[in-house]
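Here is a walk through one protein model, taken step by step.

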Amino acid sequence: MGDLIQLLHEGLPATAILTDPDITASYANDMASFCAAGAPAVVVLPRTTEQVQHVMRTATALRVPVVPQGARTGLSGAANATDGCIVLSLVKMDRILEIDPAERIAVVEPGVVNAVLSRAVAEQGLYYPPDPSSWEQCTIGGNIGTASGGLCCVKYGVTAEYVLGLDVVLADGRLLTTGRRTAKGVAGYDLTRLFVGSEGSLGVVVRAVLALKPAPPQQLALAAEFPSAAAACEAVRRIMAGGHAPSLLELMDRTTLRAVNALTGMGLPESTEALLLAAFDTPDPAPHLAAVGELCTAAGATEVVPADSPAESELLLHARRMSLPALEALRPATMIDDVCVPRSRLAEMLDGTAAIADKHGLTIGVCAHAGDGNTHPVVCFDPADEDEARRARESFDEIMALGLELGGTITGEHGVGLLKKDWLAREAGPVAMEMQRGVKAVFDPLGLLNPGKVL
């Protein structure tokens with residue numbers, strides 16, 4: 001370890017190198033449950049690309065593993081340290097380098113917080129759509145690493161669709177530039193997309209060129225109450241089949257509604273089995289909301305309540321954003337699934353999850369990006385209770401299996417990390433896994449970058 005620290009000091013200021021075990025332990029893991037974390041040898045907080053290159057050259061020379069990190073708000077264990085590793089925290093690389101309204105791009109470092117970027121571009125009449133629930137804390141680098149999504153994905157898509165180009169420090173310290181700054185470009189293999197969602201296992205993103213959109217009007221929302229998850233999911237099917245383009249289409253089950261009420265006192269309707277939130281950000285959203293309201297009623301909604309103002313709409317969206325904190329308050333720990341299924345199978349996913357909760361005697365609340373079929377079952381449990389923890393883990397695996405049985409995928413936006421490695425192999429199959437391991441070997445032949453994650 002002495003050689004490692006000495007070599008790091010040759011290219012980094014002393015303030016960028018943390019070795020106190022009590023401090024380095026605080027960087028050991030992200031927010032995932034049931035994911036082992038090791039003890040890092042050192043935490044490094046670089047501020048420049050050259051400093052990142054020095055870290056990777058040092059790691060390669062000494063054969064030391066490196067775990068890149070952002071804000072550690074992830075839910076798959078992708079940022080968890082391994083014993084003796086260098087934790088490469090990129091949160092100090094937090095500059096917005098450029099915002100170009102004519103080209104509709106932003107150039108940023110990886111440590112820029114999502115909400116900070118969103119507000120900065122909004123000042124110039126622009127919009128960066130990806131908005132994970134942790135957008136006030138999560139970083140753009142972490143969003144790129146996990147290919148994250150958010151509430152607006154049903155209309156605007158996920159992070160991958162907004163990354164035009166990257167600067168990436170490779171495992172041996174070389175700097176690779178991918179992609180473009182232009183609106184169009186198809187030269188060669190799409191290496192940019194390869195890094196998006198790679199969870200730091202292929203290289204370290206140090207700069208990103210991001211696409212922006214013109215700022216839309218403020219959205220208006222409605223809330224529709226349903227007597228069953230099946231009725232709410234039928235409304236989702238009708239809305240999407242009818243050609244509507246909501247800016248969000250979100251679902252909260254009864255367990256989640258009650259939890260949000262208990263935490264916030266918002267007075268959401270606890271008698272309903274499912275609450276569907278739909279919003280439009282068109283210049284005149286009223287006709288769209290009226291049409292969606294009619295579809296909800298036809299699907300069995302017991303009440304449809306349109307918001308009268310953007311402020312009322314934001315209150316409804318706040319309830320949805322509070323879903324996870326509210327469920328976390330029910331038990332000492334949560335395990336958050338992220339299973340995406342075809343919209344036509346969404347009701348089966350929700351009903352199946354409820355049956356799994358009953359089988360294991362657990363509280364499992366579900367909130368969903370319903371327009372995408374992306375469900376987030378949240379298993380609430382006490383890790384100090386060995387039997388309850390076992391049941392929580394078993395329920396998680398059964399939910400994953402259910403998603404695959406319904407023609408879905410094990411993750412729509414949270415990534416694989418440690419939590420879903422085995423499930424990735426089941427979903428992808430042996431040929432795809434062989435190809436993915438081959439890609440990893442090209443970019444990281446010594447296996448130093450985020451070892452044990454994804455593959």
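Serine 33 sits in the loop between helix H2 (21-24) and S2; helices (H or I, at least four residues) and strands (E, at least two) are DSSP runs, numbered from the N terminus. This is a predicted model, in which local features need pLDDT of at least 70 and side-chain atom pairs count only at pLDDT 80 or more, while totals for chains, interfaces and linings use all residues. Residues are numbered from 1 along each chain as its sequence is written, and side-chain values use heavy atoms, with hydrogens and water left out.

Is serine 33 buried or exposed? Its relative accessibility is 16%, so serine 33 counts as buried; buried means under 20% relative accessible area, exposed over 50%, and partly exposed in between, with a 1.4 Å probe and protein chains only. Leaving aside residues up to four places away in sequence, serine 33 touches Thr334, Met335, Phe381 and Leu419, where contact means heavy atoms within 4.5 Å. Serine 76 is 43 residues from serine 33 in sequence, yet their C-alpha atoms are 7.9 Å apart in space.

On a 1 Å grid over the protein atoms alone, a cavity is a set of points where a 1.4 Å probe fits but cannot get out, and a pocket is an open set with protein on both sides within 12 Å along at least five of seven lines; lining residues have an atom within 4 Å of a point. The largest cavity has a volume of about 40 Å³, and a search of the whole structure finds one cavity of 30 Å³ or more. Grid points are joined across faces, edges and corners, and a volume is the space filled by probe spheres set on the points. The cavity lining has six nonpolar, two polar and no charged residues; here Ala, Val, Leu, Ile, Met, Phe, Trp, Tyr, Cys and Pro count as nonpolar, Asp, Glu, Lys and Arg as charged, and the others, Gly among them, as polar.

Now turn to the second largest pocket, which holds about 650 Å³ of space. Of its 26 lining residues, Tyr127, Asp131, Gln219, Glu314 and Arg321 lie nearest the centre. Helix H4 (114-122), strand S7 (126-127) and helix H11 (310-321) are the elements that give two or more residues to this lining, and H11 gives the most, with five. By class, the lining of the second largest pocket divides into 16 nonpolar, five polar and five charged residues.

Next come the strands. An open sheet of four strands runs in the order S1-S2-S4-S3, with mixed pairing; two strands pair if DSSP finds at least two bridges between them. Strand S1 (17-18) and strand S3 (66-69) stand at the edges with a single partner strand each, so one side of each has no neighbour in the sheet. Strand S2 (residues 42-44) pairs with strand S4 (residues 86-89) in the parallel sense over three bridges, and valine 43 has valine 87 as its bridge partner in S4.

Why is strand S12 (residues 220-226) largely enclosed by the rest of the structure? Seven of its seven residues are buried, so the rest of the structure largely encloses S12. Leu220, Leu222, Ala224 and Phe226 point one way from S12, while Ala221, Ala223 and Glu225 point the other way. S12 pairs with strand S14 (residues 274-280) in the antiparallel sense over seven bridges, with leucine 275 of S14 as the bridge partner of glutamate 225. Four bridges also join S12 to strand S15 (residues 303-306), again antiparallel, and there valine 304 is the bridge partner of alanine 224.

Phe226 leads on to the largest nonpolar core, where it is among the residues that touch the most other members, along with Leu251, Leu276, Cys296, Met349 and Leu350. A nonpolar core is a set of buried Ala, Val, Leu, Ile, Met, Phe, Trp, Tyr and Cys residues joined through side-chain atoms within 4.5 Å. This core has 55 residues, and helix H8 (residues 229-241) gives the most to it, with seven. A second, separate core of 34 residues includes Leu117, Tyr128, Val168 and Val196.
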